[in-house]
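Please keep the sequence and the model in view while reading.

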Amino acid sequence: YKPTKKFTFDLVAGIKGTSDSEIRELTTKIRYSLVEKVQSALAQAKIDSLSETDITAYVAELASQGKYNQAIDSIPDSFKKGNKRTYISSPYFDNLVSMSRSLSVQTEKYASLVQSNSAEVFTVEGISDYILREKKSLAVKNLIETVSKASEFSPFQAAGIISVYTNLKGKDSALVQPLEAVIETCVNSIQENCKTENGIIKIQKDAENSMDIFETVFTGDALQKLGKLQENKVLVQAGNLMIYSSLSGADTSIRTIANIYPIIVKNNYFYPHTEILGWYGSTCVWAWTCAKSIFYTQEPANTANIFIDFPLSLTHYIMLNGIPNFHGKIEIQSQMFRTDPRFETYNSSGYVYQNSSRSLFIKSRHKSKMELIRLFYDRPRTFETTADLSKVPQLPKPPAPEPKKAEPEAQNPVSAEENPSEISNSESNTPNSTSAEQ
């Protein structure tokens with residue numbers, strides 16, 4: 001596509017939709033629109049018209065407004081227990097062991113894509129997290145090296161490369177440093193395929209097609225992030241205009257809003273996401289979660305400490321991956337817990353560990369905003385954490401030894417092994433009722 005008049009991003013200055021404040025205002029309207037549209041569908045019992053992505057965005061949005069339980073409760077069991085679900089919505093709706101199979105399938109897809117060494121890989125949703133997870137693998141290093149030596153990209157491929165670069169620059173600068181060689185080429189690829197008509201910016205995807213709404217928003221977001229990283233106002237304005245042009249016109253469908261939600265709504269941790277926690281050697285420890293943050297540290301060397309930040313009294317579910325076998329020695333809320341395959345049905349926290357996949361599935365019902373789970377390993381382990389140690393809470397101090405008493409006690413104290421309730425609430429003979437906060 002070759003426009004008759006050469007377009008440059010400098011030409012968008014002053015056009016409506018180029019400012020950050022206009023994007024914030026538009027984003028707010030879209031978020032309210034999403035809730036209204038989904039609630040209307042639920043009120044009309046049209047749950048079958050809603051995808052898992054629609055429902056996930058809806059729950060995340062209501063949760064950001066302080067209505068987490070209301071959102072969870074508004075979703076009918078026909079969806080929660082139906083066949084539409086995958087790992088994506090599992091942080092809200094449990095069934096972790098079953099849903100983990102779809103997470104394994106997605107991981108296999110990422111691995112296969114990375115092996116292709118194609119720039120197209122960079123356009124795939126979630127690929128930034130996978131690249132960071134597997135940064136120590138030869139496949140990821142080969143992908144980045146191959147793409148950094150290419151000389152031509154489609155506009156959408158270019159946006160994907162810019163997006164991965166900006167997503168990971170602050171997390172592992174050395175990992176994406178080779179991509180800096182093609183960033184200018186990528187910006188030019190997008191710029192050369194843009195044109196403006198009546199204050200609207202359009203991007204030609206290829207010889208016959210323009211980018212759709214999702215692709216344009218994705219591209220705009222990539223330019224916006226790069227502009228902020230480079231302190232380049234022109235790129236920020238161009239990115240903003242792409243987003244504004246796509247979303248400020250006709251009434252946007254639920255599906256479109258849900259698909260772009262994690263792009264345009266920044267920092268809503270309630271939207272399920274990957275948390276990269278660190279590495280045991282080349283094995284990444286990471287979580288699929290809706291927690292605000294998770295810190296994973298190794299202190300002392302034979303003990304893993306998992307700090308989980310989520311609102312007090314609320315319940316969520318976590319898939320932790322890359323966890324070495326701790327042989328059932330786990331402490332939750334300062335109590336040693338036994339595993340139970342029914343752990344998700346009780347009105348308490350609980351867990352199941354799957355040795356074959358090195359996965360730890362956790363139900364976390366928060367008795368405090370910052371919960372601590374501790375895993376006790378048989379031997380010391382070396383762990384490379386991603387946590388900012390200045391932000392990690394202090395570990396609880398061990399209890400002080402009791403002073404020796406002159407006379408022996410009349411009765412021996414009951415040990416935790418003799419009192420199952422001290423092991424876990426889920427060990428009761430009568431199963432706890434299911435919490436409304438599940």
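Does Asp309 count as buried or exposed? At 8% relative accessibility, Asp309 counts as buried, where buried means under 20% relative accessible area, exposed over 50% and partly exposed in between (1.4 Å probe, protein chains only).

The model is predicted, so that local features need pLDDT of at least 70 and side-chain atom pairs count only at pLDDT 80 or more, while totals for chains, interfaces and linings use all residues. Residues are numbered from 1 along each chain as its sequence is written, and side-chain values use heavy atoms, with hydrogens and water left out.

**Salt bridges**

Side chains of opposite charge can pair when their charged atoms come close. The structure holds 15 salt bridges, each being a side-chain nitrogen of Lys or Arg within 4 Å of a carboxyl oxygen of Asp or Glu. Three of these pairs are listed here.

| Pair | N to O distance | Accessibility |
|---|---|---|
| Lys369 and Asp309 | 2.7 Å | Lys369 45%, partly exposed |
| Glu384 and Lys136 | 2.6 Å | Glu384 37%, partly exposed |
| Lys16 and Glu22 | 4.0 Å | Lys16 55%, exposed |

Lys369 forms its salt bridge with Asp309, and this pair links distant parts of the chain, 60 residues apart, with Lys369 in the loop between strand S11 (359–365) and strand S12 (370–376) and Asp309 in strand S6 (residues 303–309). Helices (H or I, at least four residues) and strands (E, at least two) are DSSP runs, numbered from the N terminus. A network of salt bridges also links Asp221, Lys225 and Lys266.

**Packing of H1 and H14**

Helix H1 (residues 20–43) packs with helix H14 (residues 254–264) at an angle of about 135°, their axes being 10 Å apart; axes are lines fitted to C-alpha atoms, for helices over the stretch in contact, and angles run from 0 to 180 degrees between N-to-C directions. The residues in contact (heavy atoms within 4.5 Å) include Ile30 and Leu34 of H1 and Ile257 and Tyr261 of H14.

**Val59**

Val59 lies in helix H2 (residues 52–64) and is buried, with a relative accessible area of 0%. Not counting residues up to four places away in sequence, Val59 touches Ala71, Ile72, Ile75, Tyr92 and Phe93. The C-alpha atoms of Val59 and Phe270 are separated by 8.1 Å, although these residues stand 211 residues apart along the chain.
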